[in-house]
Amino acid sequence: MTTPLWRTVFAIIRKDLRAELRSRELVSTMVLFALLSVLVFSFALELDRTARQEIVNGILWVTLVFASILGLNRSLATERELGGMDAMMISPIPRMAIYLGKMVGNFLFVLVVGLSLLPVMTILYNIVLIQIPLLATLILGVFGLASIGTLLAAMTAQTRSRETLLPIAMLPVIIPLLLVVIAAASAVLKNEDAWGWIGVLGLVDSIYAMLGLLLFEYVIED
């Protein structure tokens, strides 16, 4: 059972990556939105170095959250509109494989956006954001967003008001993730030990991923 499961997961990931490479619609839209948001914050906030250091984490993660919501909405809605989700639902594949495949694809797309922002924000805010603990925080934070976001996007993609419902459903749920990820990133920028916060972030990710694995089957079949 393990081999077919992971073979299906990789097939779904490969399908999503190929579709994105052909269209270049999802990631390019997310990156453009994120870059424009960061530029707006940069021009709007004339701050000294100390204030920039305190606020740069919030800017990064607010931008990433809304970029991920934009991408999640498009990813699952397109799957519904083109009949891809219906095809996967009627095929004899584990529902867990559908969740894992879509979640990893969404994780990779949002991670590209996050990695694109780091050098740009390093230049705009004159703060070195490319550090190993900060990269670990970014990867785990994006994984948490993708884990719970894929579940909620699958639930809201079936409604007409999905563009409105996903932010309403997702923002309260990810508050614990945001609190931990911003605390971890702040510790890194203050040259403090951030690995304890990073460990807590891994625990939050595990909870979100477990909820996605357990609930995804019921969400897409309702």
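Is Lys 102 buried or exposed, and at what relative accessibility? I looked this up before anything else. Lys 102 counts as buried, at 1% relative accessibility. I note that the model is predicted, so each entry here rests on computed values.

Entry on confidence. I checked the pLDDT of the chain and found a mean of 86. Of its residues, 91% reach 70 or more. Confidence is lowest in helix H4, residues 84-90, where the mean is 72. It is highest in helix H6, residues 132-156, at 93.

Entry on salt bridges. I found two salt bridges in the structure. In one of them, Lys 102 pairs with Asp 16, and the closest N and O atoms are 3.1 Å apart. I placed both partners: Lys 102 lies in helix H5 (residues 95-125) and Asp 16 in helix H1 (residues 2-23), so this pair ties together parts 86 residues apart in sequence. Asp 16 also meets the side chain of Lys 15 in a salt bridge, at 2.8 Å from N to O. I recorded Lys 15, Asp 16 and Lys 102 as linked in a network of salt bridges.

I went back to accessibility for this network. Asp 16 has 9% relative accessibility and counts as buried, because the cut-off for buried is under 20%. Lys 15 is partly exposed, with a relative accessible area of 33%. For Lys 102 I had already noted 1%.

Entry on Leu 60. I located Leu 60 in helix H3, which covers residues 49-81. Its relative accessibility is 5%, and I logged Leu 60 as buried. Which residues does Leu 60 contact, leaving aside its neighbours within four places in sequence? I listed Leu 117, Leu 118 and Met 121. I also took the C-alpha separation between Leu 60 and Val 38, which is 7.7 Å, with the two residues 22 apart along the chain.

Entry on the surface. I looked for a nonpolar patch and found one formed by Leu 203, Ile 207, Met 210, Leu 211, Leu 214, Leu 215 and Tyr 218. Together these residues have about 700 Å² of accessible area. Leu 203 sits in helix H9, residues 195-221.

Terms used: Residues numbered from 1 in each chain as written. Predicted model: local features only at pLDDT ≥ 70, side-chain atom pairs only at ≥ 80, totals over all residues. Heavy atoms only, no water. Patch = residues over 30% accessible without salt bridge, like charges linked within 9 Å, V, L, I, M, F, W, Y side chains within 5 Å. Areas by Shrake-Rupley, 256 points an atom, 1.4 Å probe, with all protein chains shown as cover. Salt bridge = Lys/Arg side-chain N within 4 Å of Asp/Glu carboxyl O. Helix = DSSP H or I, 4+ residues; strand = E, 2+ residues; numbered from the N terminus. Buried < 20%, exposed > 50% of the residue type's maximum accessible area, 1.4 Å probe, protein only. Contact = heavy atoms within 4.5 Å. pLDDT = per-residue confidence, 0-100.
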